[in-house]
Amino acid sequence: MTDDVRAGAGANRRRSWVPETLAGRYALGRELGAGAAAVTVAAVDRRLDRQVAIKLLRPETERDPGFTMRFNREARAAAAINHPNVVSVYDVGQEGDLHYLVMQFVDGIDLKRMLEREGSIRWQRATDIATAVLSGLAPIHDAGIVHRDIKPQNVLIGTRGEVKVTDFGVAHLEQDAALTVAGTTVGTAAYMAPEQAKGLAPTPAADIYAVGVMLYEMVSGAVPFDGPNPMATMLAHIQQHVPPLVAPPGREPVPARIAQVIMQAMAKEPESRFQSAAAMRRALASPGSSSSAATASTVTIP
């Protein structure tokens, strides 16, 4: 199946296999993002008159029945999660050879784009964002789901400051395929826990590790390990010590206690990390970390 793009009006260019309507209900619009296994587009649910985001599995994934089976199973599990710091899943279905997931639309940008624009952010703000991510991960883990692909691209920052985790549960589908596709692997490898890089089944501890990497990146302006290729980056996560955490020039130094939280989250052995998202969240919320937002059940970034 080719992935050519046909012209549309203005920015509404679409891939040849992406329909204009879906399930007789969703009017598909501009592309929001693309991965190795799926494309996400903005859409309008004409039945409920609301904007949504729809994740479409690429048609070629239909060749692997196990792939689509996992997608449907975990998408249904994801739909059961209801938390302010998690993107809501509204619907899952299939039309022809297209499997799709209908999600809440978040008006804003992802954390990756924010970091590309700002380079780094103040440790107080970074701590609040990490706290929000951990708040969202707690119910995901409680539901028996391991996100497996926590990274800035999967953290959405809304225009009103809301922070939401997305692509949970089904995220590993993209990750599995991404390891063989040029240009899509580094983002995953850069946040991959050592045991995950070794090919072991990830647990919630792998998500904790990835939050530690994101927090490191937010306050320092760079990921701790960035090899010339994904394999080198994964080996670094397995073999190398985490480089000292240094705030960029002009930024307030990161408190030693926050640096200690980051280092514990990035421990090589899963059992040496925080044993839950809630535990790491409490560590970030202890005196001297961030604002009182860190102790709220719902976290919004000012």
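**Exercise 1.** Determine which residues of helix 10 are buried, and what covers them.

*Solution.* Begin with the criterion, in which buried means under 20% relative accessible area with a 1.4 Å probe, protein chains only. The model is a predicted one, in which local features need pLDDT of at least 70 and side-chain atom pairs count only at pLDDT 80 or more, while totals for chains, interfaces and linings use all residues. Residues are numbered from 1 along each chain as its sequence is written, and side-chain values use heavy atoms, with hydrogens and water left out.

**Exercise 2.** Describe how helix 7 packs with helix 10, and which residues make the contact.

*Solution.* Start with the axes, which are lines fitted to C-alpha atoms over the stretch in contact, with angles from 0 to 180 degrees between N-to-C directions. Helix 7 (residues 204-220) and helix 10 (residues 277-285) have axes 10 Å apart and pack at an angle of about 30 degrees. Helix 7 is therefore roughly parallel to helix 10, a term that covers angles under 35 degrees. Finally, the contact (heavy atoms within 4.5 Å) is made by I208, V211, G212 and L215 of helix 7 together with A277, M280 and L284 of helix 10.

Notes
Helices (H or I, at least four residues) and strands (E, at least two) are DSSP runs, numbered from the N terminus. Angles under 35 degrees count as roughly parallel, over 145 as roughly antiparallel, 65 to 115 as roughly perpendicular and the rest as oblique. Buried means under 20% relative accessible area, exposed over 50%, partly exposed in between (1.4 Å probe, protein chains only).
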